[in-house]
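Biologist: Could you take me through the charged side chains on this one, and in particular the salt bridges? I'd like a close look at how the partners sit in the chain.

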Amino acid sequence: MKHIWGAIKAIGKKKAIGWIIGLAAANIIPILIGLILMTIMFAIIGALGGSVDEQQSNQNNPSAGYVCSATGEVNQKKWDDIFQNQKRSGALKGHGDDIIQLSEEKGLDPVLFASIALHETAWGKSNAIQQKNNPGGLMNPDGSGLFLFSTLKEGLESMSQTLYNRIKVDGMVTIEQLGSVYAPVGAENDPNNLNEHWVPTTKEIAQKLGGLTMNCEASAQPDMELIGDKAWISSHTKNITSGFGNRSCGGCSSFHAGIDVASGGIRGAPITAFADGEIVISKANGTTFQSSSSNMGTGYGWYVEIKHEDGLRTRYAHMIERGKPVGTKVEAGDVIGKVGSTGASTGAHLHFEVIINGEKVDPMPYVKPFLTGEQ
């Protein structure tokens with residue numbers, strides 16, 4: 001009897017063990033499968049997240065391209081955070097307004113001006129700026145060392161003229177081009193190759209100031225309105241502030257040979273070709289200083305003229321900087337420059353002219369479809 005009972009218990013133990021194993025397997029296997037699926041899911045999410053992070057990093061990393069101001073204007077908060085803080089800007093503290101004013105007068109990007117000044121002076125702490133009021137590294141003509149300025153504003157004025165000569169006269173509009181002058185890589189006087197940091201560091205400073213307002217990478221081709229084979233001349237606004245013909249100028253009269261397009265925030269907005277053609281003029285006419293309360297240039301400032309078919313030409317004036325070069329083939333809606341206030345201008349706007357066989361005519365009949373919606 002004992003043998004029979006022992007056999008029964010042995011069989012019972014085997015069944016109990018099998019039942020326990022089966023129960024465990026029934027619960028553990030789904031858990032294991034779940035863990036495996038979760039691992040795969042997190043791996044996918046991680047990969048996607050890494051891609052997004054990398055895109056964001058590229059947008060914010062100066063080495064990935066130019067850093068543009070979101071509005072095309074100076075980010076005043078970030079600007080003040082630096083230029084009203086002694087610890088951040090050193091001897092340049094309080095001179096932010098001077099940089100903006102000088103940039104307006106010379107048609108320069110104030111963020112680029114400030115970025116170079118901050119970099120060249122080690123954020124306003126170099127001996128050159130503290131002892132010689134020299135923010136731009138300007139040397140004495142006789143080679144005897146750094147030039148001494150009586151005031152820092154005088155030093156900034158000299159630096160603005162130097163930047164004007166390099167950017168506006170010589171056409172060195174990119175940070176890389178300016179770096180080849182300010183800090184040429186491989187120069188004999190740079191045995192430790194520190195100059196290779198000039199370009200990325202200048203871009204990084206521009207980012208901290210909120211982004212460049214000129215000559216930075218365009219985020220995308222602007223959305224242009226096309227009617228047939230013609231395009232509106234600026235996506236920013238259709239507001240006409242001055243028409244074609246005689247107009248009063250405070251005790252005198254003058255003939256306005258085009259139309260003016262303007263609205264708030266238009267400075268730096270893209271200017272686009274009215275029709276297919278070829279750029280035949282791209283230069284400055286008269287003095288090109290940006291307008292300010294005390295300074296206004298003469299003539300068209302920076303302007304572009306496009307030759308179209310059938311004796312038609314169009315002219316786009318007061319650009320913020322040099323437009324697309326002569327010889328460029330353009331299609332209707334292509335960006336050819338940016339709105340500015342150079343030349344005889346009291347504020348940022350686009351002056352647009354239509355010329356037929358050498359005669360300036362009223363542009364309104366040509367642009368009317370874009371203003372009324374009528375074909």
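Modeller: The chain exposes about 20,000 Å², and carbon and sulfur atoms supply 56% of that. Keep in mind that this is a predicted model. Of the 375 residues, 40% count as buried, and the secondary structure comes to 10 helices and 14 strands.

Now for the salt bridges: a search of the whole structure turns up 12. Let's start with K77 and D81, whose side chains meet at 3.2 Å, N to O. Both belong to helix α2 (residues 76-83), where they are 4 residues apart, or about one turn of the helix. K77 counts as exposed because its relative accessibility is 60%, over the 50% cut-off. D81, at 35%, is partly exposed.

Next up, K238 and E225 form a salt bridge at 2.4 Å, N to O. This pair links distant parts of the chain, 13 residues apart: K238 is in the loop between β2 (230-231) and β3 (240-242), while E225 is in the loop between α9 (198-208) and β1 (226-227). K238 is partly exposed at 34%, and E225 is partly exposed at 34% too.

Then there's K360 with E353, their closest N and O atoms being 3.8 Å apart. Salt bridges with shared partners join E305, R313, R315, E353 and K360 into one network. K360 is partly exposed at 34%, but E353 is buried, with a relative accessible area of 1%.

Finally, D276, E309, D310 and E331 form a negative surface patch. D276 sits in the loop between β7 (270-272) and β8 (277-285), and is partly exposed at 44%.

Note on methods. Residues are numbered from 1 along each chain as its sequence is written. This is a predicted model: local features need pLDDT of at least 70, side-chain atom pairs count only at pLDDT 80 or more; totals for chains, interfaces and linings use all residues. Side-chain values use heavy atoms; hydrogens and water are left out. Patches are made of residues with over 30% relative accessible area and no salt bridge: like charges are joined within 9 Å, nonpolar side chains (Val, Leu, Ile, Met, Phe, Trp, Tyr) within 5 Å. Accessible areas come from the Shrake-Rupley method with a 1.4 Å probe; for residues, only the protein chains shown count as cover. A salt bridge is a side-chain nitrogen of Lys or Arg within 4 Å of a carboxyl oxygen of Asp or Glu. Lys and Arg count as positive and Asp and Glu as negative; His and the chain ends are not counted. The place of a charge is taken as NZ of Lys, CZ of Arg, CG of Asp or CD of Glu. Helices (H or I, at least four residues) and strands (E, at least two) are DSSP runs, numbered from the N terminus. Buried means under 20% relative accessible area, exposed over 50%, partly exposed in between (1.4 Å probe, protein chains only).
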